[in-house]
Amino acid sequence: MRPIETSAPARYLHPELETMPREQLRALQLRRLRDTIENAYANVPTVRRRMEAAGVRGRDLRTIDDVGLLPFTLKSDLRDHYPFGLFARPVGELARLHASSGTTGKSTVVGYTAQDLDQWADLMARSFHAAGARRGDVVHNAYGYGLFTGGLGAHYGAERLGAVVVPVSGGATERQVTLMQDFGATVLCSTPSYALAIAEAAEHQGIDLRMGKLRVGLFGAEPWSAAMRTEIEARIGLKAVDIYGLSEIMGPGVACECEHRDGLHGWEDHFLFEVIDPETGKPVPEGEAGELVITTLTKQALPMIRYRTRDITRITTAPCDCGRTHARILRITGRNDDMLIIRGVNVYPSQVEAVIVGRPQLAPHYQLVVTREGVLDEVQVEVEAQPGVDRATYNGLARELAHAVKVQCGISTRVTVLDPGAVARSQGKAVRVRDLRKKEA
């Protein structure tokens, strides 16, 4: 596929779409929503049965708000109909299949037609451009390649933009540092936690990445805090940008921050976003926190209708200073299924992370170990000391962190400060919680 040719102003890759008046954008969404519903009704038996039970068809949708008449789709639906039961196209008509790792059950399988892949590349190119990447940039892509959508999604989007892609994938972290230096990387793509692993490897080699050419980083695939962003920027010397996506919907590029980094622009010409109360399933007022629900508007192979992402966030349609009109998804604070309830207090790992990161004597590498003592849940925070910190200070640092977590998160924890390198590093999504309650049951 050739890179996108455009004479658009530097700020926008697709100016007529990115700055479309909201009234026109909603009209476009409604037309595409009806088409998506008819595609799913005609070609996915499970969807057809559910819509018949609900008494609704695509032609019945009069306004975009009528999406609430449609039934939800859950991740369990993909596993229950493994591998191809929710596809709207025969496997022989597809161009590619991706799948989750299946660590918590059957893999989640997703498929793409050639048109789906073409649109994905366009949206990833738009996301790269919004983040500040440009034609000719050298993109060091450390997202995992293979069945995970992150690596290939970023790869084809960067190529569509006209950038130079280094398809390094994850692993061999020390060599990654060498390649970034030797090839003159200007854009880094990885999970936030792996970006810090790269920074750590560079520091061990005596290399200051801040003196290199890196300018922009697109980080996603796991929740990360504002404190983590500050840490990455301080240690690598780039502008850290949040990008959002999930395989069930498309992969990376569903939404991305612009240069103002005041929420991620969700590309509403291809996706319809809702925020609901996770308990009742009812919509919440704009600006209030709830669970993000996404409907695809242009996917052929795997149309997803009102997919419950389990991601907790807020949405705003207030104008952005960049001039884009697409709604902004505010930072993902966590997932419903990641939320811990500790003695009646709800807490997400990212909230604890925000307390840890930035403490000068502690490294941003941690895990939360959840156990059950009697009928009560307990959390132990395992966190590394920075290199060179005197072991004699570990107990004092642990007490200080436990107090800060209590004050800022409202839960009591037992903190253990470990030697540098003691917390396992991940090449992909970081494992932040070790839940031992199931093993103890």
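**Arginine 434 and its partner.** I started with arginine 434, which is partly exposed at a relative accessible area of 32%. My scale: under 20% relative accessible area is buried, over 50% is exposed, and partly exposed sits in between (1.4 Å probe, protein chains only). The side chain of arginine 434 meets that of glutamate 382 in a salt bridge, 3.2 Å from N to O. I count a salt bridge when a side-chain nitrogen of Lys or Arg lies within 4 Å of a carboxyl oxygen of Asp or Glu. Arginine 434 is in strand S21 (residues 433–435) and glutamate 382 in strand S19 (residues 376–385), so the pair ties together parts 52 residues apart in sequence. Glutamate 382 itself is buried, with 17% relative accessibility. Helices (H or I, at least four residues) and strands (E, at least two) are DSSP runs, numbered from the N terminus.

**Ground rules.** This is a predicted model, where local features need pLDDT of at least 70 and side-chain atom pairs count only at pLDDT 80 or more, while totals for chains, interfaces and linings use all residues. Residues are numbered from 1 along each chain as its sequence is written, and side-chain values use heavy atoms, with hydrogens and water left out.

How many salt bridges does a search of the whole structure find? I got 28. Side chains of opposite charge can pair when their charged atoms come close.

I looked up aspartate 137 next: its salt bridge is with arginine 215, and the closest N and O atoms are 2.8 Å apart. That pair links distant parts of the chain, 78 residues apart: aspartate 137 is in the loop between H5 and S3, and arginine 215 in the loop between helix H8 (192–204) and strand S6 (216–219). Aspartate 137 is buried at 7% relative accessibility, whereas arginine 215 is partly exposed at 35%.

Then I checked glutamate 203, which forms a salt bridge with arginine 235, again with closest N and O atoms 2.8 Å apart.

**Strand S3.** I followed the side chains along S3 (residues 138–141): Val138 and His140 point one way, Val139 and Asn141 the other, and all are buried. S3 runs parallel to strand S4 (residues 164–166), joined to it by three bridges. For my notes, two strands pair if DSSP finds at least two bridges between them. Valine 139 has valine 165 as its bridge partner in S4. Between S3 and S4 the chain passes through helix H6 (residues 149–161), and this β-α-β crossover is right-handed. Right-handed here means that, with the strands pointing away from the viewer, the path from the first strand over the helix to the second runs clockwise.

S3 also pairs with strand S5 (residues 187–190), parallel over three bridges. Asparagine 141 stands opposite cysteine 189 in S5.

**An open sheet.** Four strands line up in the order S10-S11-S12-S15, with antiparallel pairing. Strands S10 (271–276) and S15 (334–335) are at the edges with a single partner strand each, so one side of each has no neighbour in the sheet. S15 pairs with strand S12 (residues 307–313) over two bridges, and arginine 335 in S15 stands opposite aspartate 311.

**The core.** Which residues have the most contacts inside the largest nonpolar core? They are Phe128, Leu218, Tyr244, Phe271 and Ile294, in a core of 71 residues. Such a core is a set of buried Ala, Val, Leu, Ile, Met, Phe, Trp, Tyr and Cys residues joined through side-chain atoms within 4.5 Å. Helix H5 (residues 114–131) gives the largest share, eight residues.

**Cysteines.** I searched the whole structure for disulfides (cysteine sulfur atoms within 2.5 Å of each other) and found zero. Cysteine 320 is buried at 10%, and cysteine 322 is buried at 0%.
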